[in-house]
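This report looks at a strand hairpin, a helix and some charged pairs of side chains. Please keep the sequence and the structure in view while reading.

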Amino acid sequence: MRFLNALRRQPLAQIVTVGNPVLRMKADVVDPRTIASGGIRDLVDKLASQVQQSKGFGLSAPQIGDSRQVFVMEVTKEMIELESNFRDVKKLDMQQLALTAIANPRIIKYGKQTTSHRESCLSIPGYSAHVRRSHAIQMEGLCAITGEQLFVSLTGWTARIVQHEVDHLNGLLYTDRMDPQTLATNENALKFFHQMDIDSDGAKLINLSE
């Protein structure tokens, strides 16, 4: 995959939250000629600036109110170190990934092995739930910078990010796929579901005071 090395900082866009109809629309396919001419570069830079500011793993165009099939993702060393304070990053198969922008993604193969881990979303702030997804996938799409055709095999946390963002582009939220019994505020996830998270995510033992 091509990485976004020269990020042009943009004013931060407002993140759209659950209930806004744009999150339930199937996003429009991007014309490859538009990519080659630089016609979506401002969108890509807005997404990249926002995801880095929010410290999220990924962000799709509908999440900033733009219904086009584009998303960005990034996993930095610092993000992994932060997660390691709370969860077993090896169990999550979390690997570093440079800032990457994809247009018109399509998952063409889902691996049979699945894992269930706790997910959250910038468009549903303050909540999380367990979502079962394929551990390995194959994705095709376009580099959102050059328009180059991409075909990649992904595993672990990177595969989970892609599945989460592709869902956004199809009008789906993680709450459509979650185990509804595990949906909780961040505070209650720690208070009531911590043992489950230890078992599934390798969550670190934390002494909770009443």
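Helices and strands are here DSSP runs numbered from the N terminus, a helix having at least four residues and a strand at least two. With these names in hand, one can say of this predicted model that G147 is found in the loop between β6 (136–143) and β7 (149–155).

**The hairpin and its neighbour**

β6 and β7 form a hairpin with five residues between them, and G147, which sits in the turn, has a positive phi of about 85°. The two strands run antiparallel and are joined by seven bridges, and A136 stands opposite T155 in β7. On another side of the pairing, six bridges join β6 to strand β3 (residues 97–110), again in an antiparallel arrangement, with K109 having Q138 in β6 as its bridge partner.

Is G147 buried, partly exposed or exposed? Its relative accessible area is 22%, so G147 counts as partly exposed. When neighbours within four places in sequence are left aside, G147 is in contact with I35 and L142, whereas the C-alpha atoms of G147 and G56 are separated by 24 Å.

**Helix α6**

In helix α6 (residues 194–201), the residues H194, D197, I198, S200 and D201 are buried, and what covers them includes β4 (114–119), β5 (127–134) and α5 (186–192). Just after α6, G202 takes a positive phi of about 70°.

**Salt bridges**

| Pair | N to O distance |
|---|---|
| D31 and R33 | 2.8 Å |
| D201 and R87 | 3.0 Å |
| R133 and D167 | 3.1 Å |

In the pair of D201 and R87, D201 lies in helix α6 and R87 in the loop between α3 (77–83) and β3, so the pair ties together parts that are 114 residues apart in sequence. D201 counts as buried at 1% relative accessibility, and R87 also counts as buried, at 14%.

For the salt bridge between R133 and D167, the partners come from distant parts of the chain, with R133 in strand β5 and D167 in helix α4 (residues 156–169), 34 residues apart. R133 counts as buried at 4% relative accessibility, and D167 counts as buried at 6%. Salt bridges that share partners join E119, R133, R160, D167 and R177 into one network.

For D31 and R33, the relative accessible area of D31 is 29%, so D31 is partly exposed, while R33 counts as exposed at 64% relative accessibility.

Methods: Residues are numbered from 1 along each chain as its sequence is written. This is a predicted model: local features need pLDDT of at least 70, side-chain atom pairs count only at pLDDT 80 or more; totals for chains, interfaces and linings use all residues. Side-chain values use heavy atoms; hydrogens and water are left out. Buried means under 20% relative accessible area, exposed over 50%, partly exposed in between (1.4 Å probe, protein chains only). Contact means heavy atoms within 4.5 Å. Two strands pair if DSSP finds at least two bridges between them. A salt bridge is a side-chain nitrogen of Lys or Arg within 4 Å of a carboxyl oxygen of Asp or Glu.
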